[in-house]
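Take a walk through this model with me. We begin with a pair of helices and end with a sheet.

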Amino acid sequence: MLCPGVGPAVNCVGPSTHTLSMAPHRPQPYDPDPYGRSYDPQAALRRMYAETGERTFEKWPQAAEIAATMSEPVVSGDPWSGVLRFPREGVELDVPALYGRAPTRCSCGVKGCDHRLVAQWWLAQGPLSKDWMPTARQILESRRATPTTVPLALVLQIEPRTGFVALRPGLRTQKGTWNKQLGWHHVAEGYRNKQFEPEQVSAVGALLGRWMNATEVPLEVVGQRWWESLPRIREAGVVIAAEDVWGDHVDLDIRAEAPVEIHARLRREEKLLLDTATTVPWSADRLMLVGTPPTSCVAYEGELLIVAPVVGDDLALQLVDEPLEIPADDEAVFSEQWIPSLRTLGSLLVEADPTDEPLRLGAILTGRGADGAVLAWQWAQGESRRPLHGPIRNGRDVMVEHAFLERIQAEHPDLAGWLKPGEHDLDPVEACRFGLDIEPILNAHPDLFLDSRGDVLDYQPAEPEIVWEANDRKDRDWFDLALEVEVDGVPVEMGLLIAALATGEELLVLDDGQYIDLQTATMQRLRDLLGEAASLEGSGEARVSRYRIDWWERLQELAEPRRTGDQWRQQVGSLVVPDHRELALPDGVKADLRPYQLDGFRWLSQRWDAAMGGILADDMGLGKTLQVLAAIQRQRDRAEAAGGGAHGGGPTLILAPASVLQNWRDQAAQWTPQLRVRIIDSRLRDPLQVDDVDVVVTSHTLARLDEERYAAIHWHGVVIDEAQAARNPRTRLHRALRGLDRDFTLAVTGTPVENGVGDVWALMELVAPGALPPSKEFGEEFRSPIEKQGPQATEAMTRLRRRLRPFLLRRTKEEVATDLPERTEQVVTIELPPAEAQAYRKRLDHERQVVMGLIGEEGQHQIEILASLSRLRKEAASMGEPERPSEKSTFVQERVAELRAEGHRVLIFSQYTSHLRILQAQLEAVGISSEYLDGGTRKRGAVIERFRSGTADVFLISLKAGGVGITLTEADYVFLLDPWWNPAAESQAIDRSHRIGQTRPVHVYRLVAAQTVEEKVVALQEQKRGVASGVLTDDGTADLLDPDVVRQLLLED
C-alpha cells in the first residue's frame, strides 16, 4: 500500500526492536528541549519501546532507504508535545506519537503510513531542525494585530457642593468629550484595540496601586501619594484635566508648591477652645479639605478649581474634625496635665487677650537650714497671688500664663526643669544649685521675683584641705591610712564625701552653706585614688599595700602627710621622695661600672634598703650580673657596719638556670671577691646550713624540688635570674618562690614580657605582691584591652606603665651602650627545591588534618597541637642528611666557609639538636671545625672555653641550653637556623655575642624557608615584640596568640 505523496515502495509499518546504527548528522541542530531536560535519542527510543510493548517496526532495517525518499522533517513548538512537519510532502505528525504516549495522528490520512517510521529514524540520528514557518506566521499575525497607541489623560471629577473628587482615566471621544465607559482596568488591559503609552501607564500605576482595577478612585484614598506621584505623572506626559459630575469642563490649577497650612491653636470664646487655624497662601472663595486627616484641599476662585496639598503636624491634623471644648472646671487640669502632653504632638498657638495688669512669676523659697529648702511658684498680677497651674479664679486667663511661660523659658532654658506646680522639697545640693544658678536670674529679670523665707543659707565656695596619715602595722606589707578633708580646720564627714565622689555628684554642701566643688582636678584625682583603695571605708581609714608606690606618689602630690610611721618612711617614703644622694660603690667591688650600671646599682640599693622588690630588665649584655653583685656587696657591708657581722640579716639566694650557676661563681670571684659564694648543684639531703656564706646560688629546678628546705631559711634577699622562667603563676616553681621567707626580691630578666602582659603580673606577684590587682581583675582591667587592642588599650597601657614604673628598671643598648658596635639583622629567605617543597607539603597536609580536628575544643589538646606544629617547623628547617645537605644547610656551609676565610667566627643556634648534629657532620665533612653545646652537654665550661680560645671556627648551640648565661664576644656572626615563637629567646641568643666586650660589628642571619610555616612564625614574632614594647615603653600595643593564629599557621595565604 502506498501513502499518497510519499513515493513508491514506501509501506507504513509498525515499530521494530532492531539495534540502531547511529550516524550523527545535522549542520544546524535544533535543541529539542528548551526547558533544560537532557536529550538522548537512544533513551527516547527506549522509553518508546517500553510504552509500546510488543509493537515493532518490521521495516526498520529499510528505514534509512525509506527516509531517503522523503524530505527531512522539522519540528515546531515544545519538542515533547509539538508538531513534526515534512516540508516537501506537506505532512504533519504529532510529536507525542513518536514516544508512544499518544495515538499516531498523521495529516496524510493514510492508516499505517511510513511517516512515523521515518520520523523515528531521523530522531535516532540526533536533534531535529527547528521549523521556521510558525515563527514567520506569528510575526505576520502580530503585525496585523498591533493596536494603536494613544495618550492617557487623568481626569479629576468633582462634585462642587461637597468637594468630593474622583480620579478617572481619560480618553477623548470623537466629539471631544471624555469617554464615560473607560475605567482604570481598561488602562492596563487596553481598550478596543487601543494601547496607552507604557510610561504613562506605569506612572499612574504607581499612584493607584491595587486600585488600578477600579473604574474610578477617590482622591482621599490615594492621599499623600497623589502629591508624591504628581511629578512623575507630569513628566510622563499624562494630561491632567477636570470636569464636574455632569461632564462639563472645569478650569483646573494644581498648586503643588503652595500648600495650605493647618495649625493647632488654643483660644477663648465662651469656653476654652482647642481647634485649628488654616493659613491659605492664595485667595479663594470657598475651600474644602479632602481626606481624614486631610492631605489635599479643593477651592474655587470664581470658576477656577484649585487643588493644593495640606500640611500640618500630628496635633493640628487630628483636631481638624474634632476640636475640643474645655469646661471652666477642667481648665486647671487641662492646663497643668494635658497641654504639655499635647505639645509633644506638635506646636500650639496660644491666643491670649491683652490685660492692663502686668503678670509676674515668683519663686517662694522656704529655707530649712542644712536640710535644704521647699520651693513653690506663684503668679502675681496686681494684688492677687495664685499658684502656678492653680484653679481658675477672678477671671484668670491661662492662655496669658502659657504665653508668659513660653517666653520666659525661651529666654532662660535653665528655668524649664524648675518650673513645676505645687511644693517641692529641695535637698541641700538642689537648694545650693538653685541659689547658684536660678536666684541670679530671678533677681535680674523684671517679670520674675524671689520671695525667700525661713532659714535660707548663703551658699559660698569652700577651700578644702586634704590631710592624711600613714601608720605602721605588724603586717610588713600593709600600712594603715587615715585620710581626711578639712574646711577651715573642720573635718568633712568622709562617708558623705566618698559617696558623693563615687556617684559623680557635682557638689558637696556643708552644714554652714559652704560647698565643695567635686569637679575640680584635685577632687577628681582624689576620687581616682579612693576608687583604687577598695578597702577605704566611710571613716576615711584604709589598709593600703606598701607596694602601691604609684598610689602613694599620687597621694603625696595632692597633700603632704601630717604624720607617718618609721616603717612607712623607710619603705615607702624613701621611694616616693627619692634620696638622690650618690651612693658610693663599695670598696669590695673590683670593677669600673659604667654610668648606667652605677645608676642601676643605686636603684637596686635604694629598693633593697626599703625592702621593696623590683625587676631589673636591662637588655641582654648590659651587665645585669655586675649590678646585682655590687648591690649584694653593699648589703653585706651595711650589715657588718651595723654590728650584725658580715652575714647581716641573712644570706642572699640566687636562683638561676643550671647552665649559668658556674658563671655566677666566676663573676663573683672576679668582681666581688669578698663575697662567700656557695653553689648548690644537686638535691639537698640534709637541712641547709648557710651560716658561713653570703650568697647561695642554685638552679630553678633544685629550688622547686627542695622548696621546703629553702623555705625554712630566712633570706635577706632573693635574686631570680632569668626570671622569665617563672612567668606562669600556676607552676610549682612560682609557688616555691612565693613560699620563700625573704626581706627583698629581685627579678632579673632581659625579657620581662615574652608571651603577653600576664608575664609581668606573674613577676610582680613575686617581687611586689599587691602592687597589681588580683589575676582576674588584672585581666579585665589591663590584659584584655591591651592584648585585644580594644578602644581602651592606650589608656590601659598608660595606667599599667604608671603602676610598674616604681618597680621596673629597663635600659636598652641603644639608650646606654652607645659604644657597642653596630648589630645588623637580616632575614634570608631560602627557596626550597621541588623535592624538599614536596616533602614539606606532605607533612603540612598531614599535620593540618591532625590539628584542625583538635582546635575546636578550647583549652584542650594543647600538647598535641604544639607537637604537631613542632613537627611541621622541623620539616621546614630540615638540614637534610649528612651525605645530602638541604638547601638551607648548603647556604650555611657556603657562607661559613667564606666567613672563615675572612677571619670571622660564627655562632649557630637552633631549637632542634638533631639538625645541629647533622650540620656538624656536614661541616666536618668539608673541613670546618666546630664545638657543640646542648642541654645534655657535660663540662659546659670546658666546651665554652675551647671555643673562646680559638680551637674551632663555629659554635653549634641549642637555643634553650645556650641562650642565657654565656658570653661569646669572640664571635661576630650569628645564624638562627629556624625562627622560634618567642622573639625574646632569639634576642637572648644573639646577645651572647652582641654585649659588652664586643669590639666588632655583629651580623645576624635569620634563615626562613619560603612558603612555609616559618614565614608565619616571623610575622607572629612581630606581634609579640609589639606587646613587650608597649608594656615597657610608650610605643603602643599588639595582639597576642589566640586560637585563630593556629589556623592561620596551617592555612595557605
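Helix 17 and helix 18 cross in the right-handed sense; a crossing is right-handed if the near helix is turned clockwise from the far one by less than a right angle, and left-handed if anticlockwise. Helices here are DSSP runs of H or I with at least four residues, strands are runs of E with at least two, and both are numbered from the N terminus. Helix 17 covers residues 595-609 and helix 18 covers residues 624-641. They pack at an angle of about 45°, and their axes lie 9 Å apart. Axes are lines fitted to C-alpha atoms, for helices over the stretch in contact, and angles run from 0 to 180 degrees between N-to-C directions. Helix 17 and helix 18 are therefore oblique to each other. Angles under 35 degrees count as roughly parallel, over 145 as roughly antiparallel, 65 to 115 as roughly perpendicular, and the rest as oblique.

Which residues of helix 17 meet helix 18? Among them are Tyr596, Phe601, Leu604 and Trp608. On the helix 18 side, the list includes Leu626, Ala630, Ile632 and Arg638. Contact means heavy atoms within 4.5 Å.

This is a predicted model: local features need pLDDT of at least 70, side-chain atom pairs count only at pLDDT 80 or more, and totals for chains, interfaces and linings use all residues. Residues are numbered from 1 along each chain as its sequence is written, and side-chain values use heavy atoms, with hydrogens and water left out.

Now step back. The protein has 35 helices and 47 strands. Of its 1053 residues, 51% are buried, meaning under 20% relative accessible area with a 1.4 Å probe on protein chains only. Among contacts between residues at least 6 apart in sequence, 68% join residues at least 24 apart.

Six strands form an open sheet in the order 42-47-46-43-45-44, with parallel pairing. Two strands pair if DSSP finds at least two bridges between them. Strand 42 (823-830) and strand 44 (930-933) are the edges, each pairing on one side only. The twist averages 20° from one strand to the next.

Look at strand 47, residues 1002-1009. Seven of its eight residues are buried, so strand 47 is largely enclosed by the rest of the structure. Strand 47 pairs with strand 42 over eight bridges, in the parallel sense. There, Ile830 has Ala1009 as its bridge partner. Strand 46 (residues 973-976) also pairs with strand 47 in the parallel sense, over four bridges. Val974 stands opposite Val1004.

Definitions and conventions: Buried < 20%, exposed > 50% of the residue type's maximum accessible area, 1.4 Å probe, protein only.
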